[in-house]
Amino acid sequence: MPEPVDGNSLAGPLSELFSADITLAVARCIGCGDVSELARATVYPDPTGYVVRCGQCDDVLMVVVEEPDSICLELRGMSWLRVPR
């Protein structure tokens, strides 16, 4: 398993979906209630995408899967995501 990196690594793959800097987006973790910028999350890169975990409790916030013709997001661990304009 690769070493985790911080949430800033999401800027590239998610820039195709969001015009704002997604690393500045704030999410609320369903597991522990922590409210933090995605840049503070722990991100585990994978050949097919990224697993994004809460920086406080390590619960999965989001899974990003990159396919040749699409990007799939699973946001199961967030009760909300606020993206800046």
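**View 1. Strand 2 (residues 26-29) and strand 8 pair in the antiparallel sense over four bridges.** Strands here are DSSP runs of E, at least two residues long, numbered from the N terminus, and two of them pair if DSSP finds at least two bridges between them. Look for Cys29, which stands opposite Met78 in strand 8. This is a predicted model, in which local features need pLDDT of at least 70, side-chain atom pairs count only at pLDDT 80 or more, and totals for chains, interfaces and linings use all residues. Residues are numbered from 1 along each chain as its sequence is written, and side-chain values use heavy atoms, with hydrogens and water left out.

**View 2. Stepping back, an open sheet of three strands shows the order 3-2-8 with antiparallel pairing.** Strand 3 (35-37) and strand 8 (78-82) are the edge strands, each pairing on one side only.

**View 3. Here is the largest nonpolar core, with 17 residues.** Such a core is a set of buried (under 20% relative accessible area, 1.4 Å probe, protein chains only) Ala, Val, Leu, Ile, Met, Phe, Trp, Tyr and Cys residues joined through side-chain atoms within 4.5 Å. Those with the most contacts inside the core include Leu10, Val52 and Val64. Strand 6 (60-67) is one of the strands that supply at least two core residues each; its three residues are the largest share.

**View 4. Arg76 and Glu74 meet through their side chains in a salt bridge (2.7 Å, N to O).** The term asks for a side-chain nitrogen of Lys or Arg within 4 Å of a carboxyl oxygen of Asp or Glu, and the structure holds one such bridge.

Terms used: Buried means under 20% relative accessible area, exposed over 50%, partly exposed in between (1.4 Å probe, protein chains only).
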